Amino acid sequence: MEVRIERIEDINAIFQVNVAAFGRKEEAILVDRLRDIESTFSFVAVEAKKVVGHIFYSPVEIEGQCSDNLFILGLAPMAVLPEHQRQGIGSLLIRYSLEECTGLGYKAVVVLGHPEFYSRFGFVPAKEKGLRCEYKVPDDVFMVLELENGTLENCIGTVKYRSEFREVE
Ligand SMILES: CC(C)(COP(=O)(O)OP(=O)(O)OC[C@H]1O[C@@H](n2cnc3c(N)ncnc32)[C@H](O)[C@@H]1OP(=O)(O)O)[C@@H](O)C(=O)NCCC(=O)NCCS
């Protein structure tokens with residue numbers, strides 16, 4: 001199993017992985033729309049030369065009070081082919097990509113997803129760190145991980161994803 005940054009030749013396979021995992025095209029189309037935007041990052045898990053998993057990050061803004069130059073990413077979407085799920089591929093993708101994001105100087109990552117899954121990697125409800133989601137979602141599903149301890153101290157605000165996300169129901 002190899003985890004690495006996406007290459008041009010992975011693009012079709014990434015589309016298919018997202019369609020298969022979500023059972024619809026919206027997330028796959030979203031990735032295609034966001035891919036060329038600055039500060040987006042796309043990683044794949046490859047097994048026997050086949051893309052079996054994918055994870056994507058895009059920049060988010062905080063509307064409220066936060067220190068300047070606080071670079072935060074939104075993790076979304078992430079997908080593993082149904083027949084490859086529950087084998088640790090998603091966890092591998094998260095661990096690898098979070099390390100890369102830390103190395104690139106990002107300070108925190110937010111995610112909207114399964115709390116029991118993301119809490120394994122240290123994500124906590126974003127509310128505990130003063131951050132709200134722009135969408136109406138239960139408190140426990142909107143989570144944040146500080147990549148640098150204490151980076152969100154004195155931070156209060158609403159996290160805004162790229163406008164392209166609003167086109168996904
Ligand atoms: C979520 C997803 C990326 C996890 O990938 P994975 O390779 O299966 O993850 P891992 O094998 O590393 O970890 C498996 C854990 O994921 C969690 N998980 C997977 N699917 C889940 C679901 N539908 N609901 C809740 N938790 C889920 C479980 O905690 C599971 O742990 P368990 O096997 O001990 O029960 C994958 O299941 C997927 O593509 N799902 C469909 C798309 C999706 O929901 N994407 C995430 C949006 S937040």
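This is a predicted model: local features need pLDDT of at least 70, side-chain atom pairs count only at pLDDT 80 or more; totals for chains, interfaces and linings use all residues.
Reader: Which residues of H1 are called buried, and what makes a residue buried?
Author: The term asks for 20 or more other C-beta atoms within 10 Å of the residue's own, and in H1 the residues that are buried by this count are Ile14, Val17, Asn18 and Ala21. Seen down the axis of H1, these residues fall within an arc of 95°, and therefore they line one face of the helix. An α-helix has 3.6 residues a turn, so residues three or four places apart point the same way. The buried residues of H1 pack against helix H2 (26–34), E2, E3 and E4.

Reader: How do you know on which side of H3 the buried residues lie?
Author: The buried residues of H3 are Gly90, Leu93, Ile94, Ser97, Leu98 and Cys101. They cover an arc of only 120° around the axis, which puts them on the same side of H3. On the other side of H3 are Glu99 and Gly103, which are exposed, a term that requires 12 or fewer such C-beta atoms. Among the elements that cover the buried residues of H3 are strand E1 (2–5), E4 and strand E5 (108–112).

Reader: What makes up the shell around the ligand, by class?
Author: The shell has eight nonpolar, seven polar and two charged residues, and Gly is counted as polar under this scheme. Of the 17 residues around the ligand, those that come nearest are Ala21, Gln85, Gly90, Ser91 and Gly113. Ala21 is also one of the buried residues of H1, and Gly90 is one of those buried in H3.

Reader: Which element gives the most to the shell around the ligand?
Author: That element is E4, with four residues, while H1, E4, H3 and helix H4 (115–118) each supply at least two residues of the shell.

Definitions and conventions
Residues are numbered from 1 along each chain as its sequence is written. A residue is near a molecule or strand if its C-beta atom, placed from the backbone, lies within 6 Å of it. The arc is that of the directions from the helix axis to the C-beta atoms. Two residues are in contact if their C-beta atoms, placed from the backbone, lie within 7 Å.
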